[in-house]
Every structure is written in C-alpha cells, then in structure tokens.
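Me: I would like to go through this structure step by step. Please show it to me.

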Amino acid sequence: MIRFDAVRKSYPNGTTAVDNLSLELAEGGITVLVGPSGCGKTTTLRMINRMVEPTSGTVSLRGRDIREVNAPELRRGIGYVIQHAGLFPHRTILDNIATVPLLLGWGKKKARSRAAELLELVGLPADMAKRYPNQLSGGQQQRVGVARALGADPPVLLMDEPFSAVDPIVRAELQAEFIRLQKELHKTIVFVTHDIDEAIKLGDNIAVFRTGGKLAQFDTPERLLADPADDFVADFVGQDRGIRRLSFVDAAELPLRDGPVLPASSSVAEARAADAPWVLVVDEDRRPLGWVAAAGLPDTGTLADAPLTPLGHTFSLVGDSARAALDSALLSPARLAIAVDARGAVAGVADAHEVSTTAATAKRTAETTAAEATAAEPAESETTAAESAESEPAAAEPTESEATAAEPAESEATEPAPAVEKSAPADSRGGGER
Ligand SMILES: Nc1ncnc2c1ncn2[C@@H]1O[C@H](COP(=O)(O)OP(=O)(O)OP(=O)(O)O)[C@@H](O)[C@H]1O
C-alpha cells in the first residue's frame, strides 16, 4: 500500500532526519513508527502526504510514486490526526468534523449528517455536536480529531502521537476505542509514537527507528519481542519483553496439570491424601468454587465444610493469552493459575514458572508462523514497477516549508485532513509543542 524506497531526508543545516529508508506497509493494517525523540518518525509520516518531500528516494502509494500525484489530490485520500487534536476553536464540534466533506463540496446538509454519523462512530454523544472544542475534555477532543480525519472516508490515516497529550486512563480508553474502530474500518494506518507499550498494543507491524533516522527493525510485535535485531532494539523494547511476549501466546498452548482438583463432596481424607498445600474445590460441573489450604482442613467431613479462600482470577483456554495465565498464577493464593474451558469448567492448573517457560516454545511457534506467512506472500506486482518506470519525471516541487506556509488552512479542499489553523501551533515546527 505504502512503500518507501531508499528514502532520505536531510535538511540544509546538515541534519539527516531519515536515512536510506526502505519499507513496505501493508494495506488495511496498523504500522507503528516508534523510536526515541528526533529519530525521524514524524518526518517519515509527513513524507507520505507530501508535507515533507524526500531529498532522494521514492515514496509510493498503491504502486504510484506520490510525486506524480498533486499534493491536494493525494491528501484527499489521507486522513491526518495530530497530538492535541488541532481543532478549530471557533467552530462547533459538528462543523469541525464536517470540515473535510465541506471542503470537498458535499453541501452543508450532507456534510453535517456525515459528521453526526462520525460523532457516533467515535463514541461521543450526539448532544456534543453543538459544543465548542474548549467545552470538551482532552480525550473527547482527540476523538473529534479522529472523526474529522475520517470525514471523507480516506483509505489511509496518518496519526502523529494522537493519544500522547491525555492522561494514562483516557489514553487506554482511546487506544481500546481505536482498536474497535479499526476492526470496523480496516484503514491503512501509520501511527507515530515514542511509547513502545502503545506500539505493541496497537501495531500489526512496528518499525523501530534509531537516532539518525535509521530503521533498526521492522517486524510484528511478537517477533520484535522474541527476537530483537540488536542491543538497541532489545533495550528499547525493554527488560520485561519476556513477560510482554506472553500476550501473544495462546493460553490453550500452555501445559496444564490436573490438580489437585476435588469436588466439594470429596472427603477431607481425600484432600489430605492429595498431599498438596492447596486443593482446588469445584462443584458438580467442575466449576471452581475456591481454594482450601491443607493447613486449614477440618478433622472430618467433606470439603463443603472446609473454609474456602477466594479463587483470584481464572483464565480461559478460549481467547485468553498466556499473560492472563501468568497474572492468574501470581494473584492466586495457591500460586496456581486456574484454566477454565468454554463452559467455565476447570481444565487444569499451572504455576508461574510453568507458564513463563512456555515462552521458549512459543518463540519457535511465532517465528515459524511469521516465516510461513512471509513465504506465502505473493511477489511484488510487475504492473506497479512498470507503471512507475513509464511515468513522467516529477516536476520540481516546493519545499515542505514553502508548502506548509503557503497553504492557508481552510483555503481549499486540499489540506491534509484535518487542516491546521494558522493560529494553532500544535503541529507547526516553530510551535515547540511536539
Ligand atoms: N525543518 C527542519 N529543519 C532542520 N531539522 C529538522 C527539521 N525538521 C525536523 N528536523 C530534525 O530532523 C530530525 C527528525 O525529526 P522528527 O520530527 O522526524 O523526529 P521524531 O522522531 O518525530 O521526534 P519526536 O519524537 O521528538 O517528535 C530531528 O533531529 C529534527 O530536529
């Protein structure tokens, strides 16, 4: 969908913002660009909608060199979301969202009805339509920013640290909402963040950049965690990557042991015979009721008479990850994770060590799957290469600073969506906000 071929961007002051970048971004997926401050993430993103022109190399969209497409036309198909949302302060929320449809000449009625749909799509109540941006919280404004970028239903969305300016709780909500939206919309999204946790949570693929604008690794989150290309990437993804990786291991792959698991009708003598510090007590359908400590067993009777300690969390063999199993083990009074099947019946137990040592096997699984997927991918389209070869050489373009300065925000249907008002410093280099 989006392809960088040997792309370089350097500035007259000698800074190389992006150095020899070759990268292919899949259609309909989220690619996250991540790395330390100043490593070239934003520059890379802005080269996709021609807010920044490469010094050399080629960026292509669906096989077409983007220099062949005039910038306004290109941007019509590319939504753009920035930190702080960059909303127009003197326009209502509805009119903010309707910006791009209006610029495209949809007519007020149709544009506003589309905006109302989008307001709902991003999870905001209809009565917010008439408010102004300063009457919304940061998280709500950010949702409006996303809605506005989706105005003309662009196939591509560029998002530059869209959730960085809100507190961690709102941020987690926005991320969850974003994942839900993407499941519905299947946009091709390029997402910039400096936060590796956010990258792992959201990315189908992650490009890790190092200072100097060099690509350090481009991989799925699973492979990034399992097999960092070098010390820089290993450091960047963090010391706890082993634990993070468990999120990508299906709980159904974990080895389980049988117990001790006993029905509440079992005798105390049977529980003692199990010779374990804790016994898991289940009902007649094997649904877990609680733990009983060997030390707390009554002298006689059944387990129904024994004092039960609450279970903590169980994990499901259907849909949960090994990470949920690890949490379950660590939070369990017996230090054992309880696996339940689709009916909620106990399938077995595992301790934290058993869960975490599956990482080694899981690593092989993830690698094999990735290798198989790569092998199965069709070769690059011949037509694409031919089309590029036949195309006219691109005309000389204004520099990005000229282009940005010269384009008044609301002048035409050609601004990157959303357009940035002249007064809004959020996305301007001189504004010092980023
Ligand atoms: N117009 C410019 N003139 C000179 N240098 C620039 C210009 N724009 C960006 N740079 C430099 O290029 C490098 C990459 O900048 P870029 O904004 O792409 O990094 P980033 O990874 O997005 O950083 P951050 O996470 O801090 O936003 C930085 O060193 C930056 O100072």
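**Cores, strands and ligand**

Reply: I97 touches A115, L118, L119, V144, A147, R148 and G151, leaving out residues up to four places away in sequence. Touching, or contact, is when the C-beta atoms of two residues, placed from the backbone, lie within 7 Å. This is a predicted model: local features need pLDDT of at least 70, side-chain atom pairs count only at pLDDT 80 or more, and totals for chains, interfaces and linings use all residues. Residues are numbered from 1 along each chain as its sequence is written.

Me: How many residues does the largest nonpolar core have?

Reply: A nonpolar core is a set of buried Ala, Val, Leu, Ile, Met, Phe, Trp, Tyr and Cys residues joined through C-beta atoms within 7 Å. Buried is when 20 or more other C-beta atoms lie within 10 Å of a residue's own; 12 or fewer is exposed, and in between is partly exposed, with C-beta atoms placed from the backbone. I97, L158 and V190 have the most contacts inside the largest core. The size of that core is 76 residues.

Me: How many residues are in the second, separate core?

Reply: Its members include V279, A324, L336 and A347. The count is 32 residues.

Me: Which residue is the bridge partner of V279 in β13?

Reply: Strands are DSSP runs of E, at least two residues, and helices are runs of H or I, at least four, numbered from the N terminus. Strands β12 (residues 278–282) and β13 (residues 288–293) run antiparallel, joined by 5 bridges. Two strands pair if DSSP finds at least two bridges between them. In β13, the partner of V279 is V292.

Me: Which residue in the turn between β12 and β13 has a positive phi?

Reply: The two strands form a hairpin with 5 residues between them. The phi is about 65°, and the residue is R286.

Me: What is the order of strands in the open sheet of 4 strands?

Reply: The pairing is antiparallel. β2 (16–25) and β5 (64–65) are the edge strands, each pairing on one side only. The order is β2-β1-β4-β5.

Me: Which helix gives the largest share of the shell around the ligand?

Reply: 15 residues surround the ligand, with Y11, A17, S37, T42 and T43 the closest. Near here is a C-beta atom, placed from the backbone, within 6 Å of the molecule. The largest share, 3 residues, comes from helix α1 (residues 41–48).
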